[in-house]
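Then read on for a short tour.

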Amino acid sequence: MTMNPRDHLTELERLAELGGGDERLRRQREAGKLTTRERVDLLFDAGTFEEVDKFVTHRCRDFGMDKEVIPGDGVVAGHGRVDGRQVYAFAQDFTVFGGSLSETNAAKIVKVMDLAVRMGAPIVGLNDSGGARIQEGVVSLAGYADIFLRNTLASGVVPQISAIMGPCAGGAVYSPAITDFNIMVEGTSYMFVTGPDVIKTVTHEEVTKEELGGAMAHNMKSGVAHFAVGDDRECLALIRDLLGYLPSNNLDDPPRRTTSDPVDRSDPALDSLVPEQPNQPYDMHELIGAVVDDGVFLEVHRHFAQNIVVGFARLGGRPVGVVANQPAVLAGCLDIDASVKGARFVRFCDAFNIPLITFEDVPGFLPGVRQEHGGIIRAGAKLLYAFAEATVPKITVITRKAYGGAYCVMSSKHIRTDFNYAFPTAEIAVMGPEGAVNILYRRELQAAADPASLRAKLVSEFREKLANPFVAAARGYVDEIIHPRSTRPKLIAALASCDNKRDKNLPKKHGNIPL
């Protein structure tokens, strides 16, 4: 007897909703993970998700695959609203063939990616997959390449966010690596090109999955991941929060919000934040928190290269990207990792029309053989290139040290920064007073009866003559020397004046950043 079409539709919908079945769904929850449809429900505003290709099935008839045909084929894909704004997403279902990628599975992902670019909306990928579907051979590999191409073409056009909510290994890791932000769930997610077993066979190194490619391994050591979260719910809440700072595409401005934090608010505590002793550290987070709307700062790459701080905040309701040296870590020196971290964040903000606020306290680049041989020149040039290339509004505040080449790199006036301010405590020079005096007055110090007293006198004179913000201000390299307490209103006023900024680079296919 032929099934009524309405009954057939109902049955297909039931099977698609069930995924790999009750037993596999139970195991998924026991592993501390939400099901795919639970994840989708938490990501989108209630009742707004529209699914595409819900009834797609695989086409493989070998290796007994014809006996297990599940509607949806291991991925849920579609679009919906996040805080009322359109977003496209795909979510891999580990309960269906381990979330493995098949020809039709990949085609669903590619379809929503193409739609997202065409409609000018962000793409979110929820990754939970065992990798390519072995039974389909090269067809599944072709599916990965199709996805990688879309990731690349969409880069800089619409924001792309990846969440690693389970395994992600082998070739599968390259899609999240291309996307703008990568979030990993502690304890349940991992990423690696080759797993522990292969490593043990080839190099005889023994390592666990967590040690090799867990959330903290990639947040602290490799820098592959930008965020680490405690569970699936926190991950999805973070994605929603992050999207709130980003425009839908490269032609839109970031979404502004009303704020109850007064735009003219000053903070007298900032006047004493920077220590009088130039070698005494302080926490740049305190300055950022005191200046931005309601003290809310969404830090990116918090665990990686902590000598530089990057992240999103709002000033007067307007989203901004913050880049700041961190005097509390390595004295704020720029090293290889910090330079690369800063450069990628700057380029993201520039691609998506997000103004850049730079807080500068940098004594220079980290010295050492390891840094030089590791390519600090190339890495530092990346950060310089990124700031120089950026055409979004750029505002810099020098809080204390701005020495040598690092002064130039950290969004100086000379690389098209719109407004440059300095605290009275700023020291702007080729190098620190102590080092400069040792070079300039080496003979005098060697011949002096009391070298220490002479050195102290010369350092004081050097600081007064050269290493202060008034010299730079006299040249126009600093637009204004400001009281620290007025940092917030100064920044908001400067941003307002940049509302109609028009700047562009010379016509070209693309530049050749020193990768």
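Here is a report that goes from the whole chain down to single residues.

## Before we start

This is a predicted model, where local features need pLDDT of at least 70, side-chain atom pairs count only at pLDDT 80 or more, and totals for chains, interfaces and linings use all residues. Residues are numbered from 1 along each chain as its sequence is written, and side-chain values use heavy atoms, with hydrogens and water left out.

## The whole chain

Let's begin with the big picture. The chain has 20 helices and 17 strands; these are DSSP runs numbered from the N terminus, with helices being H or I runs of at least four residues and strands being E runs of at least two.

How much of the chain is buried? Of its 515 residues, 51% count as buried, where buried means under 20% relative accessible area, exposed means over 50%, and partly exposed is in between (1.4 Å probe, protein chains only). As for contacts (heavy atoms within 4.5 Å), take those in the chain with a separation of 6 or more: residues 24 or more positions apart account for 73% of them.

## An open sheet

Seven strands line up as an open sheet in the order β1-β2-β3-β4-β5-β7-β9, and the pairing is mixed. Two strands pair if DSSP finds at least two bridges between them. At the edges stand β1 (50–52) and β9 (227–229); each has a single partner strand, so one side of each is left without a neighbour in the sheet. On average, neighbouring strands of this sheet are turned by 20 degrees against each other, direction ignored. (Axes are lines fitted to C-alpha atoms, for helices over the stretch in contact, and angles run from 0 to 180 degrees between N-to-C directions.)

β1 and strand β2 (residues 75–82) run antiparallel and are joined by three bridges. Here valine 52 stands opposite alanine 77 in β2.

## A covered strand

Is strand β13 (residues 356–362) mostly covered or mostly open? Mostly covered: seven of its seven residues are buried. On one side you'll find Leu356, Thr358, Glu360 and Val362, on the other Ile357, Phe359 and Asp361, and all are buried.

Strand β12 (residues 318–325) runs parallel to β13, with four bridges between them, and valine 322 stands opposite isoleucine 357. Six bridges join β13 to strand β14 (residues 394–403), again parallel, and phenylalanine 359 faces valine 397 in β14. Together, β12, α12 and β13 make a right-handed β-α-β unit: with the strands pointing away from the viewer, the path from the first strand over the helix to the second runs clockwise.

## Rings and charges

The structure holds 12 aromatic pairs. Rings of Phe, Tyr and Trp (its six-membered ring) pair if their centres lie within 6.5 Å; planes under 30 degrees apart count as stacked, over 60 as edge-to-face and the rest as tilted. Take phenylalanine 312 and phenylalanine 345: their ring centres are 5.1 Å apart and their planes are at 55 degrees, so the pair is tilted. This pair links distant parts of the chain, with phenylalanine 312 in strand β11 (residues 308–315) and phenylalanine 345 in helix α12 (residues 336–351), 33 residues apart.

Arginine 314 lies over the face of tyrosine 245, at 4.0 Å from the ring centre. Lysine 33 does this with phenylalanine 94, at 4.6 Å.

Threonine 35 lies in the loop between α2 (22–30) and α3 (36–43). Threonine 35 is buried, with a relative accessible area of 7%. Leaving aside neighbours within four places in sequence, threonine 35 is in contact with Leu25, Gln28 and Arg29.

Phenylalanine 97 has a positive phi of about 50 degrees although it is not a glycine. Phenylalanine 97 sits in the loop between β3 (85–92) and α4 (103–119) and counts as buried at 19% relative accessibility. Asparagine 353, in the loop between α12 and β13, also has a positive phi, near 60 degrees, but counts as partly exposed at 24% relative accessibility.

How values were computed: Lys NZ or Arg CZ within 6 Å of the ring centre and 35° of its normal.
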